[in-house]
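Please look at the picture first, and then follow along with me.

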Amino acid sequence: MQSAYRTGHSTETALIRVHHDITDALDNNSCVILLMFDLSAAFDVIDHDILFDRLQYTFGISGKALSWLCSFLTNTCRSQCVSIGSIHSDNMVLKYGVPQGSVLGPRLISMFSYPVSEICKKHGLAYHCYADDTQIYQVIIPLDNLDDITERLEACLEDIKT
């Protein structure tokens, strides 16, 4: 349910999927609750320690491959500074994030955010992701138990937050 960084999966396919699910529900006299998440500055906020744990324990990356990824992201040459005209700030080592424009950056963001899909599944909610945006939705059929739906949505949000 990730419509980014893959051939044939674009913003258009993400919109079509979510739009279809919502209009289908409305055509069947149901309602839909839609929650939209956007991880601001996704490439800049990825916590390396969490990412490395996820790569190892969720995706089974270990040994030299994991060491190479750790080196790629934590090498002390990954730094930045601010330049205005001829004035430059001190270099600061980047402790978070993945390089934008790299081949690995989008894949690493997808792997980092993978638990969101598992959390949605656990709570029985539909979802669709595009890059760092996630739409979580629930069809509400007339006479559904709204308390149950509210509890599942709240529990899902709490799990994502945690």
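Predicted model: local features only at pLDDT ≥ 70, side-chain atom pairs only at ≥ 80, totals over all residues.

For counting charges, Lys and Arg are taken as positive and Asp and Glu as negative, while His and the chain ends are left out; each charge is placed at NZ of Lys, CZ of Arg, CG of Asp or CD of Glu. With that in hand, the protein chain has 11 positive and 20 negative charges, and their mean positions lie 10 Å apart.

Residues are numbered from 1 along each chain as its sequence is written, and side-chain values use heavy atoms, with hydrogens and water left out.

Now to the overall build. The protein chain has seven helices and seven strands, where helices (H or I, at least four residues) and strands (E, at least two) are DSSP runs numbered from the N terminus. The radius of gyration, taken over C-alpha atoms, is compared with a globule rule of 2.2 Å times the number of residues to the power 0.38. For the 162 residues of the protein chain the rule gives 15 Å, but the radius is 19 Å, well over that, so the chain is more spread out than a compact globule.

Which charged side chains pair up in salt bridges? A salt bridge here means a side-chain nitrogen of Lys or Arg within 4 Å of a carboxyl oxygen of Asp or Glu, and a search of the whole structure finds three.

Lys122 pairs with Asp159, with the closest N and O atoms 2.9 Å apart. Lys122 sits in helix H6 and Asp159 in helix H7 (residues 146–161), so this pair ties together parts that are 37 residues apart in sequence. As for cover, buried means under 20% relative accessible area, exposed over 50%, and partly exposed in between, with a 1.4 Å probe and protein chains only; Lys122, at 60%, is exposed, and Asp159, at 25%, is partly exposed.

Lys121 forms a salt bridge with Glu118 at 3.3 Å between the closest N and O atoms, and these two are three residues apart in helix H6 (residues 114–122), about one helical turn.

Finally, Arg152 and Asp148 meet at 3.4 Å, N to O; both belong to helix H7, four residues apart.
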